[in-house]
Amino acid sequence: MSSITQGSYPPVLQDAEKERLVQVVKDWTVAHGLTVRPPPAIAGNDTEGILATSAPVTLFPSPFPKSCFEEAKAIQTTYNELYALISQDEEFLTEMVQEVAGGDEFIANLWNVHLRVKKEGYVQNLALGLFRSDYMVHQDDASLQIKQVEFNTIASSFGGLSTQTSLLHKHLAQHEYPLLSSSSSASYLDLPSNGSAADLAAGLRAAFDAYGSSTLGHPTCVLFLTQTGERNVFDQRHLEYALSSSSPNKVPVFRLPFSDILTHTTLASTPTRQLLYTLPSNPSLVFEVAVVYLRAGYGPGDYPFQEAWEARYQIERSNAVCCPTVLTQLAGMKKVQQVLATPEESNTNSVPSALAKFMPPTSEKTQRLLKTFTNIYPLDTSSSGLHARSLATSPTECQKYVMKPQREGGGNNFYRSAIPEQLAKIPEEHWNSFILMEIIEPPALANSILRNGKVEVGGVICELGVYGTCLWDQSSGEIKFNEEAGYLLRTKGDKSEEGGVAAGYGCMDSVTLV
Ligand code: ADP
Ligand code: MG
């Protein structure tokens, strides 16, 4: 990392050089679908929905420690296995839900969907996870380590755009950086390949193949459930195109807004409850849905009415392989991450019992997972919870922490001084729906971000995500497919707390290994 801290990378750009690089990036991104639908401020009166614009992206790949990158990739299949096991442990998830559901109606409603399906009996045992484990680099004395920010089990996004970002930076390294007057620091970049789009599609493909053919004589398909007004649509399209053109035979893929599930799908009145999708543009075509891939349904905003919960119930009780099931979605609660990481009160050196429940405590794999955990506390009335309450309400101690509810999608957390203020607004009996996490402070880096045509130069913070695909049988526990599936690097200005690209805070990036 030395050359970075000394400030020689990325190279300083002359005005004319910056102009050229920006023009190249603007054109390359549009030509290769590294794009989003424009924000309303830029879209103006684009009533026909024809505009696309470059996704925010760095002008240079950010330096990332090679050992950290390799470790994050190497442990992904272990993380996949861990979350497949958690998803199968209904008793454990019951406890987790009970901890938070009192102060969290959304989690309570999700749990209720599971209970309703359980009562009549699940008809599909296969479950698919398209996961992403997110990390920041933590500097501990001399050594650099990855520390997990969160583990995503639903709608893990940017795998489509991420492959394109790696290709963009490769293109720039080949054709543009050598033209810069101070090109020396960018003359050798170690840019690993990134198969995230194809690798995630391979996970969907595995589930599609495992489903088999329709016993009702329909063609089978994969259904992407989407949010209305989604701006990050091209990210999803890259996965769709990789999947639909995958060999040996092509896969029909359809997009259906989450709000239209009950209008365009039905359940066959058979004991196996096949999910049938009628093509709105040609109602004589009926497909049997083999796999439902949720890019919606992860937050309360997708459930404005009771019908939306009925729609989720219809999907969950069907024979389609769900990516994810309700149980797998709940396995991604921050509460689960906290419990896995919190050691027993009596012995802070031991493997937390929740982790030991799923992974052999002395195994090398478990020790490697443990190293990625940072301090996370409950905010309940256990002794570590009471300790965390004293940290969270102290105006000085709270500066080192982030407080998180059981939500996904960005913009939900409370950072530093905002923690005591927020707690003051919540009845104390609901504090246990939150967790308190130490803020990871990665080494300082600089980069330039191109966002909405403007270049922002300055200090940045990088967050690495590693994708994983896992297909397992909920009843036998058999893991049928388990792969690491490429990576995402998201970068944000170092003054910003949140890092979500879709939420408008972060940008796409790729790594140059150092
Ligand atoms: P969400 O589910 O909304 O994505 P995250 O837990 O990923 O929630 O938090 C959102 C963002 O906040 C992260 O992408 C990261 O930039 C920042 N963040 C969250 N936890 C930490 C942490 N412990 N240390 C530093 N930054 C964090
Ligand atoms: Mg996140």
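Lys118 counts as partly exposed, at 45% relative accessibility; partly exposed lies between buried (under 20% relative accessible area) and exposed (over 50%), with a 1.4 Å probe and protein chains only. Its salt-bridge partner is Glu90, with the closest N and O atoms 3.2 Å apart. The model is predicted: local features need pLDDT of at least 70 and side-chain atom pairs count only at pLDDT 80 or more, while totals for chains, interfaces and linings use all residues. Side-chain values use heavy atoms, with hydrogens and water left out, residues are numbered from 1 along each chain as its sequence is written, and chains are lettered from A and ligands numbered from 1 in the order in which they are written.

**Salt bridges**

- The whole structure holds 26 salt bridges, each defined as a side-chain nitrogen of Lys or Arg within 4 Å of a carboxyl oxygen of Asp or Glu.
- Helices (H or I, at least four residues) and strands (E, at least two) are DSSP runs, numbered from the N terminus.
- Glu90 is partly exposed, with a relative accessible area of 22%.
- Glu120 and Arg317 form a salt bridge through their side chains, at 2.8 Å from N to O.
- Because Glu120 lies in helix α7 and Arg317 in the loop between α12 (306–316) and β12 (321–323), this pair ties together parts that are 197 residues apart in sequence.
- Glu120 has a relative accessible area of 33% and is partly exposed.
- Between Arg132 and Asp134 there is a salt bridge whose closest N and O atoms are 2.7 Å apart, and both residues are buried.
- Arg132, Asp134, Glu463 and Arg490 are joined into one network by salt bridges that share partners.

**Sheet and the helices across it**

- Four strands form an open sheet in the order β13-β16-β14-β15, with antiparallel pairing; two strands pair if DSSP finds at least two bridges between them.
- At the edges stand β13 (376–378) and β15 (414–415), each with a single partner strand, so one side of each has no neighbour in the sheet.
- Strands β14 (residues 401–404) and β16 (residues 435–438) run antiparallel and are joined by four bridges.
- Tyr401 has Glu438 in β16 as its bridge partner.
- Helix α14 (residues 334–341) lies across β13, β14 and β16 and runs at about 110° to β13.
- Helix α17 (residues 383–393) also lies across β13, β14 and β16, at about 105° to β13.
- Axes are lines fitted to C-alpha atoms, for helices over the stretch in contact, and angles run from 0 to 180 degrees between N-to-C directions.

**Helix pair α8 and α10**

- Helix α8 (residues 159–175) and helix α10 (residues 233–244) have axes that come within 6 Å and cross at roughly 90°.
- That makes α8 roughly perpendicular to α10, a term for angles of 65 to 115 degrees, with under 35 roughly parallel, over 145 roughly antiparallel and the rest oblique.
- Gly159, Gly160, Leu161 and Gln164 of α8 meet Phe234, Asp235, His238 and Leu239 of α10, contact being heavy atoms within 4.5 Å.
- The residues of this contact divide into three nonpolar, four polar and one charged; Ala, Val, Leu, Ile, Met, Phe, Trp, Tyr, Cys and Pro count as nonpolar, Asp, Glu, Lys and Arg as charged, and the others, Gly among them, as polar.

**Asp140**

- Asp140 is found in strand β5 (residues 126–140) and is partly exposed, with a relative accessible area of 35%.
- The C-alpha atoms of Asp140 and Pro39 are separated by 40 Å, the residues being 101 apart along the chain.
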